[in-house]
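Dear colleague,

I am passing on to you the structure that we spoke about, together with some notes on what turned up in it. Please look it over first, and then read on.

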Amino acid sequence: MTTSTTSKETPYYADANAPVCQLEIRPHFELLNEKEKLYAHHISRAGWHGARVLLNQTTQESEKIFDFILSLFKDENSGKLIELSKLQEKSGVSDEAFRQWIQYSGQFLSNLANYKSFGDTKFIPRLSQADLEAIVKARDHSEVTKLFEAVRENIFSITPESKNLLGYVDDGHVSNYYSENVTKRDILDIQKYLESIDVDSLNTRLFKTSDTEFEVRVASAQVKEPEAHKTPEGKTVNIVYGDYHTSMQKIADEMKAAIPYASNENQRNMLEKYVESFTTGSISAHKESQKFWIKDLGPTVESNIGFIETYRDPAGIRAEWEGFVAMVNKDRTKKFGILVDNAEKFITKLPWGTEFEKDKFNKPDFTSLEVMSFTTGGIPAGINIPNYDDIRQTYGFKNVSLGNILNAKAPSEKYPFLNENDRALFEKLKGPSFEVQVGLHELLGHGSGKLLAEQEPGKFNFDEKNPPISPVTKKPITSWYKPGQTWGSVFKNISSSYEECRAESVALFLSTDKEALKVFGHTDSSHDIGLADDIMYIGWLSMVRAGLLGLEFYDPTAKKWGQAHMMARYAIMRVLLEAGQDFVKIEPNADNTDVVITLDRSKIMSVGMPAMHAFLQKLQVYKATADFEGGSSLYADMTRVPDEWKSLRDIVISHKQPRKLFVQVNTVLEGETVVLKEYPATVEGILQSFVERDI
């Protein structure tokens, strides 16, 4: 019998026993009529066919590891999960070693890569290569063995250490958005040229074929002859259509199959534009799909799909694939409707004048959803999309809160770094407090603020002859967005985290407003769901605690943050710490093995709010005026981790808890009937769901 490796612990090991939560959806799915079920089924299938796109965007080896895991566990005759107990018995490995491989496999499938979606660090199995080799031999299948030999080094290797982080390749990190010889300078130069010829990079990858020649690979079902362009510097840029063409064709086919089941004209038009975009690679067509999506108010089945978030591109330019399908929770959505109706009133309370706010607030659809399927490496708790600035300012946006993600709780979940009194209140009110934070973050955070711009030569969205006075400098503004510039193109790789910080700050700022809390059912007498003051207090305490936990996602060697939201929360924690007057304290115990956070709730209004007022005002004014120098300087200062905080980070790491995994349903067609297939809330359930997903 072989044994597992339990020698020196490495920070790159997969979690030993990650908790698994089931996304409960059947009661909501059963309320749909057959037409709605078919609509949901086809869009869900389209989303899952994009999983291979996401795998290929992350690392070169991810799709091969994915195929290896599925082939190892799939019975090719039945298409079902093999009997795991028989495989273990035949392999001769210990229960512990086999369990370690099952855990790694479940975590890989949940992240859709061998790098964590939340943190961007590599993870490896806890068992030895010899144990995994024994499991592969026991499977006794030539294709499985072939796949294993192709990926065994990629699965286990953690050297050089710099390659255990996603990031710029010329910093020694890993990114499959770029070939390994593409430099930061190349990315900026080619991006500048692409913007000059009006080519959007959102659904592309960049490869360097020689010192003077580049390929911009566009995701599309269609494969066309490359379009050759010459930059002013004499470099050749070949625009090549057909990246991930097999997957993109399957996606387009499923979207086309959903069209007959659309409930209205907006849905039909949206689907047709999706098909066009995924077939041709046109981002313009995807933008058109989002205009119809915004108009589709209050659908029973909600969805969105495409290249959406730019978090994982180190340059903040290219977006990863995602797609979700969900059912509306009508009772909870009523609550958000009240928030939407009062949004303009709450926005006027934010710390910047009307000249830095949108001329007209386009009331969005704000719904609470129960997720049926979400193809992504890590499911968020709330979403505010589309991310296209021009569409958001002119047509509006939608907000969604994902109820069965918000409410998912692992039985083993613990709450370190709090005193006993705070811990009891935190455990009781964490859920409702987080709901307030997510609602305010998505609607009033991402939904507020204007970008002052010269929209086209000579046409401004502000009075350029009498520019607005900056509340930060008390002088007329001197910068704004020039024609063709966007928020992302100006603020580049910090744009995602900076915007998350701004939205989180808006939510924290407005969480002190009694009228806003009342929308969520929290008043001075609402004992059943939480008193308003207690909800506010736990919200502020949660933000400080989240900022402290964010240290886990900072690499002190590379001096690099690996997660946009945690970087944002760390910045807010720093603001509140530096507010002084003993408002927030983080105090280690005598032997430096633990810390306790204390937040003086009596000083939230007198100390905390003035600090957030000043910080939030700067965040918005720098963003509104395209002041990258001011904004990046502020953000760099507030996200800097002092060298002397290494011991604090070590304490945070020592208390690290595994991130929750979610097992999702599948839908299958039996004749013209859509059947929902559920799986147990176990790692084995995750394996079974992916084996039967056929992607």
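The largest cavity holds about 80 Å³ of space, where a cavity is a set of points, on a 1 Å grid over the protein atoms alone, at which a 1.4 Å probe fits but cannot get out, and where lining residues have an atom within 4 Å of a point. Volumes here are the space filled by probe spheres set on the points, with grid points joined across faces, edges and corners. The model is a predicted one, in which local features need pLDDT of at least 70 and side-chain atom pairs count only at pLDDT 80 or more, while totals for chains, interfaces and linings use all residues. Residues are numbered from 1 along each chain as its sequence is written, and side-chain values use heavy atoms, with hydrogens and water left out.

The lining of this largest cavity includes L54, Q57, T58, R312 and E320, and its largest share, 3 residues, comes from helix α3 (residues 51–58); helices (H or I, at least four residues) and strands (E, at least two) are DSSP runs numbered from the N terminus. By type, the lining divides into 5 nonpolar, 5 polar and 2 charged residues, with Ala, Val, Leu, Ile, Met, Phe, Trp, Tyr, Cys and Pro counted as nonpolar, Asp, Glu, Lys and Arg as charged, and the others, Gly among them, as polar.

The lining of the second largest cavity has 6 nonpolar, 4 polar and no charged residues.

There are also pockets, a pocket being an open set of points with protein on both sides within 12 Å along at least five of seven lines. The second largest pocket contains about 660 Å³ of space and is lined by 30 residues, of which P11, E552, R649, I653 and K656 lie nearest its centre. Helix α25 gives the largest share of this pocket's lining, 4 residues, and the lining as a whole divides into 10 nonpolar, 7 polar and 13 charged residues.

Turning to the strands, 11 of the 11 residues of strand β8 (residues 365–375) are buried, so β8 is largely enclosed by the rest of the structure. Strand β7 (residues 320–328) runs antiparallel to β8 and is joined to it by 6 bridges, two strands being paired if DSSP finds at least two bridges between them. A326 stands opposite V371 in β8. With β10, strand β8 pairs in the parallel sense over 5 bridges, and the bridge partner of T367 in β10 is V400. V400 also stands opposite I383, which belongs to strand β9 (residues 382–385), and β9 pairs with β10 (residues 398–402) in the antiparallel sense over 4 bridges.

With best wishes

Terms used: Buried means under 20% relative accessible area, exposed over 50%, partly exposed in between (1.4 Å probe, protein chains only).
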